[in-house]
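Please read each point with the structure open.

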Amino acid sequence: MLAIISQYFDNAPTKQFRLPVDTEADAISFATAVCDGQFQVFTPASTAGVKIPLGYSIITAICQNVVSGAVVNKAYLNFIVKPTASESDIQTALVGKTFNDGVTSFLIDRVGVSFKKVA
């Protein structure tokens, strides 16, 4: 399963990440051992029947901030898109927006997209 660990500093959500584990106890043990500050662990109640519909795509969007031709900041976003979504749709939706994960913040200038169609 994938547990989601949310970290908080000064009672504000700061960072969230996914961790592959066998049990919720494994996720809590990991977070206790290596995470500083407060944290909260979320695990799925059930994965039975949770499937991505046929025709949808799992994508990775590489969001970049470019200054004088050089990539200064980069972030990877993974999500599921509807069958009609194109690379152009995703780029249009992201370019010009501000990426902010609580640690890094930058204007998205360029987006590269990788598609994996669910068959």
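1. Gln-7 has contacts with Ala-12, Pro-13, Thr-14, Lys-15 and Phe-17, and also with Cys-35, Asp-36, Gln-38 and Phe-39, when residues up to four places away in sequence are not counted. The residue belongs to strand S1, which spans residues 2-9. Gln-7 counts as buried because its relative accessibility is 13%, and the cut-off for buried is under 20%. Please bear in mind throughout that this is a predicted model.

2. The whole structure contains 2 aromatic pairs. In one of them, the rings of Phe-17 and Phe-30 have centres 6.4 Å apart and planes at 75°, so this pair is classed as edge-to-face. The pair joins distant parts of the chain, since Phe-17 is in strand S2 and Phe-30 is in helix H1, 13 residues apart. Phe-17 is partly exposed at a relative accessible area of 23%, and Phe-30 is likewise partly exposed, at 34%.

3. Phe-99 and Phe-106 also form an aromatic pair, with 5.2 Å from centre to centre and 35° between the planes, and this pair is tilted. Both Phe-99 and Phe-106 are buried.

4. Which residues does Ala-27 contact, leaving aside its neighbours within four places in sequence? They are Ala-3, Ile-5, Leu-19, Val-21 and Val-41. Ala-27 sits in helix H1, residues 24-34, and counts as buried because its relative accessibility is 0%. Between Ala-27 and Pro-13 there are 18 Å in space, C-alpha to C-alpha, for a separation of 14 residues in sequence.

5. The largest nonpolar core is made of 13 residues, and Ile-59, Ile-90, Leu-94, Ile-108 and Val-111 have the most contacts inside it. Two or more residues come from each of strand S4 (57-67), strand S5 (70-81), helix H2 (87-94) and strand S8 (110-117). The greatest contribution is that of S4, with 3 residues. Apart from this core lies another, of 8 residues, including Ala-3, Ile-5, Leu-19 and Val-21. These four residues are also among the contacts of Ala-27.

6. Beyond four places in sequence, Ile-59 is in contact with Leu-77, Asn-78, Phe-79 and Val-81, with Ile-90, and with Val-113, Ser-114 and Phe-115. Along the chain, Ile-59 and Val-81 are 22 residues apart, while their C-alpha atoms are separated by 7.2 Å.

7. How many residues line the largest pocket? The lining has 13 residues, and those nearest the centre of the pocket are Gln-16, Phe-17, Arg-18, Tyr-76 and Leu-77. Strand S2 (12-20), S5 and strand S6 (98-100) each give two or more residues to this lining. S5 supplies the largest share, 5 residues. By class, 7 of the lining residues are nonpolar, 3 are polar and 3 are charged. The space in this pocket is about 410 Å³.

8. Is Arg-18 buried or exposed? With a relative accessible area of 52%, Arg-18 is exposed, because the cut-off for exposed is over 50%. The residue is found in strand S2. Not counting residues up to four places away in sequence, Arg-18 touches Leu-2, Ala-3, Ile-4 and Asn-78. The C-alpha atoms of Arg-18 and Thr-43 are 9.8 Å apart, and the two residues are separated by 25 residues along the chain.

9. Most residues other than glycine have a negative phi. Ser-68, which is not glycine, has a positive phi, near 50°. Its place is in the loop between S4 and S5, and Ser-68 is exposed, with a relative accessible area of 79%.

Technical notes:
Residues are numbered from 1 along each chain as its sequence is written. This is a predicted model: local features need pLDDT of at least 70, side-chain atom pairs count only at pLDDT 80 or more; totals for chains, interfaces and linings use all residues. Side-chain values use heavy atoms; hydrogens and water are left out. A nonpolar core is a set of buried Ala, Val, Leu, Ile, Met, Phe, Trp, Tyr and Cys residues joined through side-chain atoms within 4.5 Å. Buried means under 20% relative accessible area, exposed over 50%, partly exposed in between (1.4 Å probe, protein chains only). Helices (H or I, at least four residues) and strands (E, at least two) are DSSP runs, numbered from the N terminus. On a 1 Å grid over the protein atoms alone, a cavity is a set of points where a 1.4 Å probe fits but cannot get out, and a pocket is an open set with protein on both sides within 12 Å along at least five of seven lines; lining residues have an atom within 4 Å of a point. Grid points are joined across faces, edges and corners, and a volume is the space filled by probe spheres set on the points. Ala, Val, Leu, Ile, Met, Phe, Trp, Tyr, Cys and Pro count as nonpolar, Asp, Glu, Lys and Arg as charged, and the others, Gly among them, as polar. Contact means heavy atoms within 4.5 Å. Rings of Phe, Tyr and Trp (its six-membered ring) pair if their centres lie within 6.5 Å; planes under 30 degrees apart count as stacked, over 60 as edge-to-face and the rest as tilted.
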